[in-house]
Amino acid sequence: MTEKEFEPEVIKINDSENAHIDANGNLFIDGASYIEGMDDYEWFFAVNSEHFPMLYKKLSGISEPPEDIGNELIKFLQENGKKVSDLTEICKANGIAHHFSNWM
């Protein structure tokens, strides 16, 4: 890799959330809700790549993780209408380390 800065591909996973895999292979998802008459609401979710196999298994029910698990995880989220709220719930229920923050 050259000295040029790594720019991750940002992928829209649903109407309100975008995801990307960083240079270290970790997953980041940010989202926002802007509803007229209500406060803006934004959120941020992150999970380390070492937790992808367990997260993928709990999301999909498939115990053998795919080869390119980071991109397959994003693809699964897109195709199955999963959101950060689903990921956060699964992480909490299964002791998967993650980060979630939000602000209004």
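Helices (H or I, at least four residues) and strands (E, at least two) are DSSP runs, numbered from the N terminus. With that in hand, select Gly-81: this residue sits just after H2 and takes a positive phi of about 65 degrees.

Before moving on, some ground rules. You have a predicted model open, where local features need pLDDT of at least 70 and side-chain atom pairs count only at pLDDT 80 or more, while totals for chains, interfaces and linings use all residues. Residues are numbered from 1 along each chain as its sequence is written, and side-chain values use heavy atoms, with hydrogens and water left out.

**Stop 1: the sheet**

Switch to cartoon view and pick out the five strands. They make an open sheet in the order S1-S2-S3-S4-S5, with antiparallel pairing; two strands count as paired if DSSP finds at least two bridges between them. Colour S1 (11–14) and S5 (99–103): these are the edge strands, each with a single partner, so one side of each has no neighbour in the sheet. On average, neighbouring strands here are turned by 20 degrees against each other, direction ignored.

Now select S2 (residues 17–21) and S3 (residues 27–33), which run antiparallel and are joined by five bridges. Ala-19 has Ile-29 of S3 as its bridge partner, and Ile-21 stands opposite Leu-27 in S3. The two strands form a hairpin with five residues between them, and in the turn you'll find Gly-25 with a positive phi of about 90 degrees.

On to S4 (residues 41–47), which pairs with S3 in the antiparallel sense over seven bridges. Click Ile-29 again: across from this residue in S4 is Phe-45.

**Stop 2: inside S3**

How many of the seven residues of S3 are buried? Five are, so the strand is largely enclosed by the rest of the structure. Buried here means under 20% relative accessible area, exposed means over 50%, and partly exposed is in between (1.4 Å probe, protein chains only).

Leaving aside neighbours within four places in sequence, Gly-31 is in contact (heavy atoms within 4.5 Å) with Ser-16, Glu-17, Tyr-41, Glu-42 and Trp-43.

Next, show Leu-27. With neighbours within four places in sequence again set aside, its contacts include Ala-19, Ile-21, Phe-45, Val-47, Phe-52, Leu-73 and Ile-74.

**Stop 3**

Show side chains for Ile-69, Gly-70, Leu-73, Ile-74, Phe-76 and Leu-77, the buried residues in H2. They cover an arc of only 155 degrees around the axis, which puts them on the same side of H2; the arc is that of the directions from the helix axis to the C-beta atoms. These buried residues pack against S1, S2, S3, helix H1 (52–60) and H3.

Which residues touch the most other members of the largest nonpolar core? Of its 23 residues, the answer is Leu-27, Ile-29, Leu-55 and Leu-59. H2 supplies the largest share of this core, five residues. A nonpolar core is a set of buried Ala, Val, Leu, Ile, Met, Phe, Trp, Tyr and Cys residues joined through side-chain atoms within 4.5 Å.

**Stop 4: aromatic pairs**

Rings of Phe, Tyr and Trp (its six-membered ring) pair if their centres lie within 6.5 Å; planes under 30 degrees apart count as stacked, over 60 as edge-to-face and the rest as tilted. That rule gives three aromatic pairs. Start with Tyr-41 and Trp-43: the ring centres are 5.4 Å apart and the planes at 40 degrees, so the pair is tilted. Tyr-41 is partly exposed at 27% relative accessible area, whereas Trp-43 is buried at 9%.

Then go to Tyr-56 and Phe-76, whose centres are 5.9 Å apart with planes at 65 degrees, so this pair is edge-to-face. Tyr-56 lies in H1 and Phe-76 in H2, so the pair ties together parts 20 residues apart in sequence. Both residues are buried.

**Last stop: Thr-88**

Finish in H3 (residues 84–94), where you'll find Thr-88. At 10% relative accessibility, Thr-88 counts as buried. Not counting residues up to four places away in sequence, Thr-88 touches Phe-45, His-98 and Phe-100.

Definitions and conventions. Axes fitted to C-alpha atoms, helices over the stretch in contact; angles between N-to-C directions.
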